[in-house]
Amino acid sequence: MNISHRVVSQAPLSRRHLLAGGLSLAGSGALAACSSGTASRAASASAAGGPLTIGLTYTPNIQFAPFYMAKKDGKYAANVTLRHHGSQDGLFDALQSGEEHLVIAGADEAVVATSNGSDLVVIGGYYQSYPACLIVPESSSINAPADLRGKTVGTPGKKGETWYALQLAMDTGSLTESDLTIQEIGYTQQAAIVGGKVDAVVGFSNNDAIQMSQAGTPVRTIQVADQIPLVGASLVTTRSLLDSRRQDLEAAVKASIEGMTAFVKDPDAAVEATKDQVADLKVDQTQAARAREVAVATGKLVSGDGSQPIGSVRVDDVASMIEFLSSHKLLGGKKTPQAAEVCVPLGQ
């Protein structure tokens with residue numbers, strides 16, 4: 001998500017892609033099966049004989065509302081719980097240890113982790129459009145990636161989705177790293193822009209850019225390419241879990257897609273569902289309004305341009321992504337990911 005990783009109250013998440021900091025949540029209690037489909041999923045899960053935990057990573061936030069909504073509306077089987085990581089956890093650590101069974105994370109990050117020895121599989125989509133982009137002050141003369149020549153660009157670090165996006169922006173602008181100054185600024189994009197320390201930052205359209213605007217700093221976003229060969233926030237599991245719990249995972253993917261669809265259609269309901277996880281939204285109308293703005297922006301990523309179904313993920317897109325990551329030497333050397341092995345769409 002993808003899924004980004006720093007949180008400011010209920011202001012939008014600012015990177016690690018969808019994904020930051022510490023509360024554990026056990027869901028809203030046992031859910032009654034409210035349709036024959038839900039009852040069937042519950043029976044299937046019961047037969048499997050174990051809990052199924054979906055890792056949302058880091059602290060509760062409106063960007064996870066599709067999953068809160070699916071849980072609240074009884075779309076998941078009764079044995080499904082939602083869990084937020086601790087801030088010190090690695091993105092896939094709980095998944096690989098068996099503490100989680102499905103995690104919301106960038107498909108690109110999963111592929112890179114696989115190339116470094118992890119055995120991960122993307123089984124469902126979340127974002128249909130890539131969230132990482134260039135962010136510049138509204139008055140900036142930068143209007144396209146090529147305009148970064150001679151400029152200073154801030155990035156959280158030389159890894160992860162913002163780094164992949166910057167590589168693509170340089171490709172688009174026919175630039176090399178020697179054509180601009182790259183500063184590693186951690187997750188301080190807003191301070192770097194406000195303080196004039198950089199000319200542009202790489203961040204996320206549905207959190208960093210909105211957070212800056214909400215804080216009174218007018219900014220613009222710039223796409224890193226017309227066609228982006230990267231796949232962002234997705235539903236990721238391990239090969240062993242896919243082999244042993246395929247039916248349970250498919251039911252969880254289908255339920256998650258129902259939540260995504262509801263989220264896109266009704267951002268107000270998304271805010272209401274998130275209030276159960278973020279108490280500030282119940283008492284602070286300003287925070288609730290800001291959360292709704294993030295929900296609308298995130299909904300645009302979830303629906304994309306409308307050419308593909310919500311929640312879908314495509315092997316061909318993953319193949320193009322692997323080619324891009326490989327050509328930019330962003331993959332590790334332990335394993336060469338094959339698209340048909342690391343992308344097994346379920347529930348579509």
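**Sheet and loop in a predicted model**

Modeller: Strand β6 (residues 152-155) pairs in the parallel sense with strand β8 (residues 200-204), over 2 bridges. Two strands count as paired if DSSP finds at least two bridges between them. Strands, like helices, are DSSP runs numbered from the N terminus (E, at least two residues, for strands; H or I, at least four, for helices).

Biologist: Which residue in β8 is the bridge partner of Val153?

Modeller: Ala200.

Biologist: What kind of model is this?

Modeller: A predicted one, where local features need pLDDT of at least 70, side-chain atom pairs count only at pLDDT 80 or more, and totals for chains, interfaces and linings use all residues. Residues are numbered from 1 along each chain as its sequence is written, and side-chain values use heavy atoms, with hydrogens and water left out.

Biologist: Back to the sheet. What is the strand order?

Modeller: β7-β6-β8-β5-β9, an open sheet of 5 strands with mixed pairing. β7 (181-184) and β9 (219-222) are at the edges with a single partner strand each, so one side of each has no neighbour in the sheet.

Biologist: New topic. Where is Thr57?

Modeller: Thr57 is in the loop between β1 (52-55) and α2 (65-72). Thr57 is not a glycine, yet has a positive phi of about 65 degrees.

Biologist: Is Thr57 buried or exposed?

Modeller: Buried, at a relative accessible area of 0%. Buried means under 20% relative accessible area, exposed over 50%, and partly exposed in between (1.4 Å probe, protein chains only).

Biologist: And what is the phi of Tyr58?

Modeller: Positive, about 60 degrees, although Tyr58 is not a glycine. Tyr58 also counts as buried, at 4% relative accessibility.
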